[in-house]
Amino acid sequence: EAAEKGGFEHFMLKEIYEQPKVIKDTMSCRIASDGEQIQFEELNWTPEDVKSIGKIMIVACGTAYHAGLLAKYFIEKLARIPVEVDIASEYRYRDPLTDSKTLCIVISQSGETIDTLAALKEAKRRGARSLAITNVVGSSVSREADQVVYTWAGPEIAVASTKAYTTQLVALLLLALYMGRLNGHLTADREAQVIRDLQRVPDQCRNIFDHAGDIKELAAKIKEKEDIFFIGRSMDYGLAMEGALKLKEISYIHAEAYAGGELKHGTLALIISGVPVIALATQQDVEEKMISNIKEVKARDAYVIGVVQEGDTEVRKTIDSVITIPRSDNFVLPIMTVIPLQLLAYYTAVVRGNDVDKPRNLAKSVTVE
Ligand code: G6P
């Protein structure tokens, strides 16, 4: 087992550090040689195929569901197709409005999650077209779906998903670009611009790893806390949910994610002196709104760790500690922003002495209801 860990103390850490490589593997086979366009040979869609989609229904569980939440932003903004995201176990039992104009996208690392597989069958029964995004070649969902896009993350051993999630984000962003070009909503320039920033991600991730020591120090600061809050807006809200899940599943600290704008509607009551708030503020278009949310929690004496883009000067003035993310396109940023959140969860679990790769009560793949 030590050999399989490749010199890392845990599979989770190894898998976090594999992200530059697997992100590259997942995208390079889908970027045309001129570097300007996305191509999915495995889909081979025509403009009509995309134009005939009335609605996209994304269905998944756990971390894969969180990837779906971000895909809603990618697809709606870049391809202007309405997207609904549902938890597989909810979708299957709610008599969903799904018909032949619906494209159902299921996301599953293992391809074996029972609720996701059942939801896929339900969508097909209602006449939907289907696409599986999965990491396991020949898995049940890959066999059940009409078409498959593989994430090339390689085997993921740690129960807490890391590299599978980032490759899901990559695959979904590429898909949004592909659909946006085919249905005419995305200009060639914009597509090329996002691709350029995507191609810089593997190198930029290494930049994040250079600051792993700072994140370890932050983990030591939060290790005794009982509640931790993650806040964010737009795509950073979806990431906040993933950051909170990662932290609770392996550190066993209660963590909750809130949309910045929802703070006043409940969570603010729980913000007392010293409570850590991880404020994700990488998205420029909502930066000012995030700053006012940060001020709201600072006024209650919260300890705020801000996650910002390199070069930011404004958010930095309002927070106690900072994690910086290399500069990139808004759509590309989430792929990098999650990495420090994974590291924070990892180091917090380690310092608390937990079994990082096999957290209590959890399984890698949930194949029974
Ligand atoms: C379990 C795992 C999670 C995973 C979820 C969905 O809960 O512990 O890490 O996100 O199942 O799994 P899937 O294989 O369908 O992506």
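Select the ligand. Its shell holds 15 residues, and Gly62, Thr63, Ser108, Ser110 and Thr113 are the closest. A residue counts as near a molecule or strand if its C-beta atom, placed from the backbone, lies within 6 Å of it. By class, the shell has five nonpolar, nine polar and one charged residues. Here Ala, Val, Leu, Ile, Met, Phe, Trp, Tyr, Cys and Pro count as nonpolar, Asp, Glu, Lys and Arg as charged, and the others, Gly among them, as polar.

This is a predicted model, where local features need pLDDT of at least 70, side-chain atom pairs count only at pLDDT 80 or more, and totals for chains, interfaces and linings use all residues. Residue numbers start from 1 along each chain as its sequence is written.

**Stop 1: helix H4**

Select residues 62-79. This is helix H4, which gives the largest share of the ligand shell, three residues. Helices (H or I, at least four residues) and strands (E, at least two) are DSSP runs, numbered from the N terminus.

Stay on H4 and pick Glu76. The cut-offs: buried means 20 or more other C-beta atoms within 10 Å of the residue's own, exposed means 12 or fewer, and partly exposed is in between, with C-beta atoms placed from the backbone. Leaving aside neighbours within four places in sequence, Glu76 is in contact with Ile81, Pro82 and Val83. Contact means that the C-beta atoms of two residues, placed from the backbone, lie within 7 Å. The C-alpha atoms of Glu76 and Gly180 are separated by 9.2 Å, although the two are 104 residues apart along the chain.

**Stop 2: H8 against H13**

Show helix H8 (residues 163-182) together with H13. Their axes come within 9 Å and cross at roughly 170 degrees. That makes H8 roughly antiparallel to H13. Axes are lines fitted to C-alpha atoms, for helices over the stretch in contact, and angles run from 0 to 180 degrees between N-to-C directions. Angles under 35 degrees count as roughly parallel, over 145 as roughly antiparallel, 65 to 115 as roughly perpendicular and the rest as oblique. Tyr165, Thr166, Leu169 and Val170 of H8 meet Pro334, Ile335 and Val338 of H13. This contact has six nonpolar, one polar and no charged residues.

**Stop 3: H9 against H13**

Which residues make the contact? On H9, they are Val201, Gln204, Cys205 and Ile208; on H13, Ile335, Met336, Ile339 and Pro340. Seven are nonpolar, one is polar and none is charged.

**Stop 4: H2 against H9**

Keep H9 and select helix H2 (residues 19-28). The axes come within 8 Å and cross at roughly 170 degrees, so H2 and H9 are roughly antiparallel. Gln19, Pro20, Ile23, Lys24 and Met27 in H2 meet Leu198, Val201, Pro202, Cys205 and Arg206 in H9. This contact divides into seven nonpolar, one polar and two charged residues.

**Stop 5: two positive phi values**

Most residues other than glycine have a negative phi. Pick Asp301, in the loop between helix H12 (287-298) and strand S9 (303-309). Asp301 has a positive phi of about 70 degrees. It counts as exposed, with 12 C-beta neighbours inside 10 Å.

Finish at Asn361, in the segment after H13. Its phi is positive too, near 65 degrees. Asn361 counts as exposed, with 6 C-beta neighbours inside 10 Å.
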